[in-house]
Amino acid sequence: ASFTISLHKADNTTVMIKQRPSLSSSCRIRMKTVIMSELKIKPGENVTFTFTCSTPEKYFIMEIQKNIDCVSGPCPFGDVHLYPPRLPRLNRTYIWDVKASTKAGLELKFSTSWLRQIEPGETCPDSVSYNINSCIDKATVNIGTFCRNGSVSRVKLLGGVVMSLHLPWHLPLTTSGFNIANRASIKRLCIIESILKGESSVTLMSPNYPLGFPEDELMTWQFVIPPSMRASVFFHNYSLSNCERKEERVEYYIPGSPSNPEVFKLSDSQPANIAGSFNMSLQGCDQDAQNPGVLRLLFQVVVQHPQVDENVTHLVDLSKEKNMTVTIHLEGWPSHIPLMSEPMCLICKDPRTCDRAVTLTSGAVYRISFLCKDLSRLRITAEKGIGCMDIRWCHGRSYSLSVPKAITQLPIQLHKFIWKLLATDLINIEITSPSLKLQQHVPEQRCNTSYSYSIVSATPETELNLGVFCPGGSIEKIQMRNNISISLKTFGKRFINESIPQDLKMSFVPHIKDECIFTVSPNPKAKVYLQTPNGPYIGLPPYVSISWFVVVPSKQTARLGFSKDRMGVACETGRAYVNIKEEALGAEEIVRREDELLPQPRNMHHSFWVNVSNCKPVDKTQLALQFWVTFADKQLDLGIILAVVAGAGVLTAIGLTVCCVKKKKKKTQNPMVGVYNANVNTQMPGKKGLFGKGRQNNESHVYAVIDDAVVYGHLLKESNGSVAPEVDVYRPFDGPIGSLPPSPPPFSFRKDIKCSSNTEGEPPPLTDTDQDTYTFAHQKSGQPEDNGDANRKDKEDTSVPLLENKEQDGLVE
């Protein structure tokens, strides 16, 4: 098909057909016998041409430029038409270059669809876009790029204007959509009018966005708001230039305001809940010539109906709080930012200071109101800091970790409350829940409460996530090293009622040995599951030791078992261990290495410790253990009952014998007889030995003459006898037992040692054939008691390399 374009000279219009940039093509333009890649048609020319291909829209674009002189001649007011007609179906750009005096600006008025400003790089849904540039002397300022169907109804510009309309090849548009209304002096860069109807929003940008607003310029936006509506202004993105003189600011002219214009900094919260139409102006400054900086602004104006409860205020008293911030925000903030087209939900500190997120700080009293149809979309996130830099000032002081009433009384759901507990290296943190106690959330034992706690210990090397805990469990105390973050998270509206008996407390304590120590006091009828921190996927950090102290009631027997057979970790350096020890005199300590099977379920008759110590794992293997504890009533053994009865009979017989001996002694004075008693202990428990050599090598325990009362003195004492023996007999130690966790073997040991308390001298050397487990067998009942050096047993126990000195590393409660 051939095309004919005829241009009148008086129209001052030029048509240019050229190839798309960076696109090589075999398609050409043919005019008679001439083949060309582009064609320019000047005013007064009449040209007929064809394309050498059937789809020229893929390869060519068209520019139609019309020059209008409003300075030396009359300005063509009215609608601007698309000229010339019957152009080829190509992507085309119409350009109107209008010359005007700076003393008489131009006003562009758009049709009823109006315009919507878009950011640079954004495209319009129908591919129809307008670009407006202001020309002052030789400088050009880009007012903005706009799509159809918006709120911008008019643009007034100082000086000339270059107006561009971009149309796609397939859209048969016949009108430009705007007209040149009139000329009027505006004494500023431009004025943009935006008419908003009903509940809506508009996003606008400063000229030359994002490159920078012209130096020391002034521009204005006029917003037409229905009288029954309310408007709020929000700055979403802005930056400031470096001013030498004046100050960059925003000015508002609000009808009925007692202080027009109202001046704001760009960093201030902008006016909200404005009744009726208003103007907003942006004023630049004289910039530093060496380092001018960039002044730019992207903002949003939201229009909505007045809220029924906008005059209802809620008192938030934070005057007695310290180091606390409270943020009221939309659900999902800050990761999820609602679309600008969504209905606005605003929080107001006062009737004119509103935003989608408001932060309140401690030490002040606030009166909060809401411009929101649905308060269920709002959430509260709060944070409080508690610190201790000197243990002398905070040791023994208890801090309550409960949500203040000022927050729970608001008609908004609490999303999260975070306590950040800070301490120095030598001060640790203890968390207790005396009445409710805590339950660890694990797959076999899930929390179903309306809130839970997430406890994270932040160490310099790594973050130790202790897990998720909820009230109503068996953990009554957690001791941790370094700084701690405790996050209370709520689930549903039940929290308001269920949170009343919160009893979580914390205090600062002196240094503890392990990274974390749990004190567990289970319900005798419950089955308790406990697992190592960092969950089953991340695993315990390298070289970290965790301990659990499980309290067993005196009339109960606990059963301890592990959820899997092995630790499931391979060590690159060091060894991983599991230590189990009961809190009873002579109780054995069970130790398992990472390459050994974990202990089978076993009964524990006393309170006991479980310690897990990690090595540096190989590759991606992780140490993650879970164990469980159940309880049952203690069962009395029939053999024990018979032994007790027999023992009582023997004691009765001995008592009668003693009475007879005493009566006989009064009648006859026989010479005293020397008696050897091999079971007599001549030292008090815990005292140092008085002799340098063993008792088997001296005769300190042999007496030439011992009175009968001395031999049976302990029996007389139990029978309230009046005779006090000169040498007391051995008494088992019944003093308090320290609450120290079992010490894990040092990581340097790679072999097993089997030791017993009756072995003399040093432990045997380690060999490659030793495959026994690390079990420390103590003195068992029924074995003959060694009457050697009273201190020798202690020496042998402490000489075993796998046991550490627990008195030196003990806890200070």
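## Cys470 and its disulfide

Cys470 is buried, with a relative accessible area of 1%. In this predicted model, Cys470 is bonded to Cys447, and the two sulfur atoms lie 2.1 Å apart. The torsion about the S-S bond of Cys447 and Cys470 is -85°, a left-handed link.

A disulfide is a covalent bond between the sulfur atoms of two cysteines. The search of the whole structure finds 9 disulfides. The link of Cys447 and Cys470 is one of them, and two others are described below.

## Cys124 and Cys147

Cys124 and Cys147 form a disulfide with an S to S distance of 1.8 Å. The torsion about this S-S bond is about -90°, so the disulfide of Cys124 and Cys147 is left-handed. Distant parts of the chain are linked here, the two cysteines being 23 residues apart. Cys124 is located in the loop between strand E11 (115-118) and strand E12 (129-136), and Cys147 in strand E13 (residues 139-148).

Both ends of this link are assigned by accessibility, with buried meaning under 20% relative accessible area. Cys124 has 8% relative accessibility and therefore counts as buried. Cys147 has a relative accessible area of 1%, so Cys147 is buried.

## Cys243 and Cys285

A further disulfide joins Cys243 to Cys285, with the sulfur atoms 2.0 Å apart. The S-S torsion of Cys243 and Cys285 is about -85°, so this disulfide is left-handed. The link spans distant parts of the chain, 42 residues apart. Cys243 lies in strand E21 (residues 243-245), while Cys285 lies in the loop between strand E25 (278-283) and strand E26 (286-287).

The two cysteines fall into separate accessibility classes. Cys243 has a relative accessible area of 34% and is partly exposed, whereas Cys285, at 1% relative accessibility, counts as buried. Elsewhere in the chain, Cys190 also counts as buried, at 0% relative accessibility.

## The sheet E1-E6-E3-E4

Strands of a sheet pair through backbone hydrogen bonds, either parallel or antiparallel. An open sheet of 4 strands has the order E1-E6-E3-E4, and its pairing is antiparallel. Strand E1 (2-6) and strand E4 (34-36) are at the edges with a single partner strand each, so one side of each has no neighbour in the sheet. From one strand to the next, the twist averages 30°.

Within this sheet, strand E3 (residues 29-31) pairs with E4 in the antiparallel sense over 3 bridges. Opposite Ile29 stands Met36 in E4.

## The sheet E45-E54-E47-E51

Another open sheet also consists of 4 strands, in the order E45-E54-E47-E51, with antiparallel pairing. Its edge strands are strand E45 (528-531) and strand E51 (602-604), and each of these pairs on one side only. The average twist from one strand to the next is 30°.

Strand E47 (residues 556-562) and strand E54 (residues 626-633) are paired in the antiparallel sense over 7 bridges. Gly561 has Trp628 in E54 as its bridge partner.

Terms used. Residues are numbered from 1 along each chain as its sequence is written. This is a predicted model: local features need pLDDT of at least 70, side-chain atom pairs count only at pLDDT 80 or more; totals for chains, interfaces and linings use all residues. Side-chain values use heavy atoms; hydrogens and water are left out. A disulfide is a pair of cysteine sulfur atoms within 2.5 Å. Buried means under 20% relative accessible area, exposed over 50%, partly exposed in between (1.4 Å probe, protein chains only). Two strands pair if DSSP finds at least two bridges between them. Axes are lines fitted to C-alpha atoms, for helices over the stretch in contact, and angles run from 0 to 180 degrees between N-to-C directions.
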